Amino acid sequence: MSSPPIEETNGSNNTSTSESVGDFHLLKRIALNYTDVTITKWRSEKTGLRVIHVDYEGPIINGYFAVATEIFDDSGCPHTLEHLVFHGSEQYPYSDALQRIAFRSFASTPNAYTAQDTTVYTISTAGGTSFLRLLPVYVDHILYPRLTESTFVTEVFHINGEGQDAGVVYSEMQGRQNTVADLVDLAYRRKLFPKGNGYRSETGGLMEALRTLNLAKIQDYHSRYYAPHNLCLVVTGRLSTQALLEEVQKTIEVRAGVHEQDKGIKPDEWKRPFMETESAIVPKIESNSSISVEFPAKEERFGEITIVTIGPSPDDEQTSAALSLLGEYLTGNIVAPLNKELVDIANPYCTSIGIGSTARAKFTEIHVTLSDVPTKYLGNLEIKLRKILQKIARQGLDMKRMHSIIDRVERLGRHGLEEVGGEAFSGIILQDFLYGDDYSEKLEKQLQLPELFHKLRSLKHQDWLDILDRWVIQPNMLVVRARPSSTMAQRLESEEKARIQEQVSRLGPGGLEKRTHMVHEAKAKNEEPMPDEVVESIHVPDVKTITWISVQSASTIADSRELEAVEPSSQLLARHLEADSVALPFALHFDHVSSQFVTVTTYISLGAVPDDKKTLVYIFETLFFASEVSLEDGTVLSEAELIHQLEHDLVSYSLDHCDGYPELLCLSLRVDVARYDLAIQWMRRLLWSNKASTTKLQSRIAILKQSLPEYLRDPQSVLSELQAEELYTESFTKRAFYARRLIEWVPEFERRLKQDPRGVVNEVEDLRASLLKPSELRFSVIGDVLKLDRPRSSWLEKFQSLPFAPVAPVRLLNETLSTLGKKPGKRAVIVSLANIESSFSSQHALGILGFSHPQTPALLVALDVLSGAELYFWKRIRGAGLAYGASASLDVQIGHVSFDAWTSPNAAKAYQEAKRVVEGLVNGTIPLENHKLEAAKSSYAYTLAEGFSTRSSMAHFIFTNRVLRGRSSSWIQDRLAAIQDVTVEEVLDMMKQHILPLFQSETSVAFVVCGPGQVDDIASGYRAEGYDVEIRHMDDRVPWADDAEDSNFTTKALKLLGKAVSAGEMLVKWTQGLFHL
């Protein structure tokens, strides 16, 4: 068969060529002229398999293997297949084959996700050789999986010996189905799309459908959709395209021929999902309409509104991009027009507004989401929104700001490309597979970003108004009003209890015993291992083959022209800094990587803040960018002017707690290299020319109050709060930020704002002065330092008045531990939430403390042996349907080991099974095979490589490693070498010393968040293990309303926050899910 002419695109120059590798013909080559990325698209003329290679320089190779998955019911076949695919294939008929081969290949854990229109299987490796070895194994699992009853039982659905529903997929959907996000999403799609349309279905599977699903239906779905002509292999990273295609040709293509799947690019009767089915019909919203959806919650004063309209064709790249920019203009920051009208006011109509879009086959959906809407506004807020949009259109757009937004988005895009290279295009490439043509004409247009930005800048004011009017103001709206319902929460609980009771009664003792046997038998079959000789024949690469991004580092000495001692590899940087020799009153830390950008950061220590002033840190952060700033010429910028100017001058800016160091605040400003001096000038202005505003503080507090119920409903946030409250003292700064603490102090704070606003501001300014003492500050420069003309003297001009002072050590978290945190034991706290049906747990015990402890490598390997995919916890907990996931980890800063299980039908059972695993390994009844040790070591090596695969992540790590942790520049290589030397005996010793105490009540503490119907069973399980159990029934209602001045406010608040059922007395330590405005 002859191949058609092939277009080769390089910028705007097109030529024709013809190129083939085996059965694969080149359909398109796109060589981008604004970044070092080349994309080639190939198609097999025999099987229709598509291979797209995105070639660029980088240490990680990524694979996205996409299947277009359309379904017309709620059975969840696409989602269940996503799980079942990983449990063996025709050529590799073992449940752990893919994972074990991946572990010996410096690869990520094979993973996948199911969207409305596609299922995508993912893998990443440190190097091309490992990727090519894994590729045919992975695709064999996708196309020819071993779909068995035993894997269906554990992965999809089963009834356990107690009559409860379980299974990994079922547990996942149990945790999702009645959340407000899922309820709204399904409701609008049910209204918008008719029966027979794939966009209408719940691809994850509704619980009631999963309970009746069978393996035969899944097998039938796989046979129809999982075929080479409906599969696209997207590979990103530096790899020989020739080698990639040759590997596919000699393995995947051959297997397709064996299965008679070599009938050409489009077999007879094949309809392309979504494009050639009824799903391609563009729906119409004939008139404004609305639907109401209830979601379970005890707090009934705040709901949510989602507005759906029909947007432009996905082929109209310019209009789609313009709508995205209009969304940024209208809602992109707190002073954006819609936020000024609806959010940043004394009595907010909502706490946030989001504008986004979803691409479908022939159209896009535009979504506007308003969160935390008082229920009194739920009935008509969209009318007010439309009137505000009409007013904005009448008044006209600020074109200077619009162009500033375009410039900033382009800068952010350049930075993203620099960080992840062609990986940044993986999303639109996958979308092109679903909805584009074989020759990727639409994709080519989407990738011509400089031309697109030029067109957007050329749009006139009236053009923008026309787009706003046509696509945002005028279209008919489908409005979904999500209303909180306490009766729904009670109904769900009572219905589930009744259903389980009926199920237990119907099955009877004999039926339950049969179910227990069925689950045990399925687990045993699934755990049949891949033969060791097969595994060990796969050579583990040498860690020395992993490539690392080069970083040069140097630090100045405070109050001196000299530099600290510099490594030989950083001599070029040292000479560059010595050429700009000035004495600064502080040490300045430089980390150089080749880049178009530079980031300046000030690290502000919170260690000296008194415990009773921690709340003010929250106020300081809240007001930091909501303030007036004085410029050098005396001009005072308002909050709106400040934010607009920052977005004009900078690539990005942020103030947050430093990753891994919550007792450090990080003020980071990223700019193009040419604006280095401007970044330093802004750093100076923001730190010392910043004036707090009580007016802005009042509106931010109003937003906070309205947002709290959402955080009180989130199980992970509540679990984090619970741990922080129990394990830390008041010295832990973030403890003052959590929902329970906010509920306590907000009313008093509001009274103070009314009575003495100047006094509040003075307190914040006093805090600022204490935080900005020279002894509490560290300064860092990360980026292309060699391009900076004056890397040191630029700071002297702006910061010369800062006096010299020795820098105080950073407070580590172990210094803030409570008595229980320092000596865990016997205590278990269970908190019930009305809106969830799964459980989430965290267990803590003492581990090892310090960044350089000699036992760290062996303990890390021991934890990975337990937690890795297809290793002990995966098989014994996830595989048995006891939880969607479980892992053990180490925190050397607080000296704790922990065990976490999430989306579990019963957290106590997950804990008990983990305990049996660890005890069995320690006493020898469960063997620790050498291949599992090798898997854990390889997994750790990949985790390091992936974690430091971008320029900024590597440079930031180098800074924290040498400046904050005091480690050597060779730490990565030294750690990898130490990991490779760990023995089986050392791992077992670590389990006995440090992990076994995690599963003994005398030496550990447990925290659980669960649904009301699970409390009794989970509490009984922990009591049986020897824990003193405290139960708290969590309420998401906030106590303030019109009676906020009530003198009994605090008592009311504490009553709402929880009761200690076990002791029968009111306790208020339930806590902490970090909340940020």
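I looked up the sheet and found six strands forming an open, mixed sheet in the order β18-β19-β26-β20-β24-β23. I took strands (E, at least two residues) and helices (H or I, at least four) as DSSP runs, numbered from the N terminus. Two strands pair if DSSP finds at least two bridges between them. The model is predicted: local features need pLDDT of at least 70, side-chain atom pairs count only at pLDDT 80 or more, and totals for chains, interfaces and linings use all residues. Residues are numbered from 1 along each chain as its sequence is written, and side-chain values use heavy atoms, without hydrogens and water.

I followed β18 to its partner. β18 and β19 (residues 588-592) run antiparallel, joined by four bridges. Opposite Gln552 I found His592 in β19. Helix α21 (residues 571-578) lies across both β18 and β19, at about 40° to β18. Angles run from 0 to 180 degrees between N-to-C directions, and axes are lines fitted to C-alpha atoms, for helices over the stretch in contact.

Then the helix pair. The axes of α31 (residues 856-867) and α36 (residues 971-980) come within 9 Å and cross at roughly 65°. Which residues meet there? Thr856, Pro857, Leu860 and Val861 in α31 meet Arg975, Ala978 and Ile979 in α36. Contact means heavy atoms within 4.5 Å.
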